Amino acid sequence: MSPRAQSSHRCIAAATGTSPTGPFTAPSGPLICDDSEGGVIDASGFEAPGGGLYIVWKVDGNSIGSSHTPIRLQHVGADGYTLDGQVYTLIDRDAGDGPLVEAPSLVYWDGYALYHFPP
């Protein structure tokens, strides 16, 4: 989910439950926030071959008028939401992408992890 931070930018949060239909309990704070770059949105999960879990998201630079809208990735623990290790920038928007990039997801296909960015 992407609740708003105190500054009105979006953050990524996680909630846990004992059933897929809830009830859910949210932690006391956001999982990922990047207020200085415009917030973060469009979180997506990825399970790599071998079971490694990752979260991928977009930095919402266009919300503050910036052309800087990187797509980032970070490993998470076995619970699916405990951040583990460093953050990697996969790509950033350039002129060929138009005004922004949106809704990142990762796909594993025939031995390769592919980035998918809808048009």
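Biologist: Where is Asp42 placed, and is Asp42 buried, partly exposed or exposed?

Modeller: This is a predicted model, and in it Asp42 belongs to strand 3, with a phi near 60°, which is a positive value in a residue other than glycine. The relative accessible area of Asp42 is 25%. Because buried would require under 20% and exposed over 50%, Asp42, in strand 3, counts as partly exposed.

Biologist: Which strand supplies the largest share of the lining of the largest pocket?

Modeller: The largest pocket has a volume of about 200 Å³, and of the 17 residues that line it, the closest to its centre are Ala14, Leu31, Ile55, Gly80 and Tyr81. The lining divides into 13 nonpolar residues, three polar and one charged. Strand 3 and strand 4 each supply at least two residues of that lining, and the largest share, four residues, comes from strand 3.

Biologist: Which residue in the turn between strand 5 and strand 6 has a positive phi?

Modeller: Strand 5 and strand 6 form a hairpin, with six residues between the two strands. Within that turn, the residue with a positive phi, of about 90°, is Gly80.

Biologist: Is Arg93 buried or exposed, and which backbone oxygen does its side chain reach?

Modeller: Arg93 lies in the loop between strand 6 (83–91) and strand 7 (105–109), and its relative accessible area is 18%, so Arg93 is buried, the limit being under 20%. Leaving aside neighbours within four places in sequence, Arg93 is in contact with Ser67, Thr69, Gly98, Pro99, Leu100 and Val101. The side chain of Arg93 reaches, at 3.1 Å, the backbone oxygen of Ser67.

Biologist: Which two residues does a cis peptide bond join?

Modeller: Pro23 is found in the loop between strand 1 (16–17) and strand 2 (24–25). The peptide bond in question has an omega of about 5°, and the residues joined by this cis bond are Gly22 and Pro23.

Technical notes: Residues numbered from 1 in each chain as written. Predicted model: local features only at pLDDT ≥ 70, side-chain atom pairs only at ≥ 80, totals over all residues. Heavy atoms only, no water. Buried < 20%, exposed > 50% of the residue type's maximum accessible area, 1.4 Å probe, protein only. Polar contact = N/O pair within 3.5 Å; in protein donor to acceptor, adjacent residues only side chain to side chain. Contact = heavy atoms within 4.5 Å. Pairing = 2+ DSSP bridges. 1 Å grid on protein atoms, 1.4 Å probe; cavity = no way out; pocket = protein on both sides within 12 Å on 5 of 7 lines; lining within 4 Å. Points joined across faces, edges and corners; volume = space filled by probe spheres on them. Nonpolar A, V, L, I, M, F, W, Y, C, P; charged D, E, K, R; others polar.
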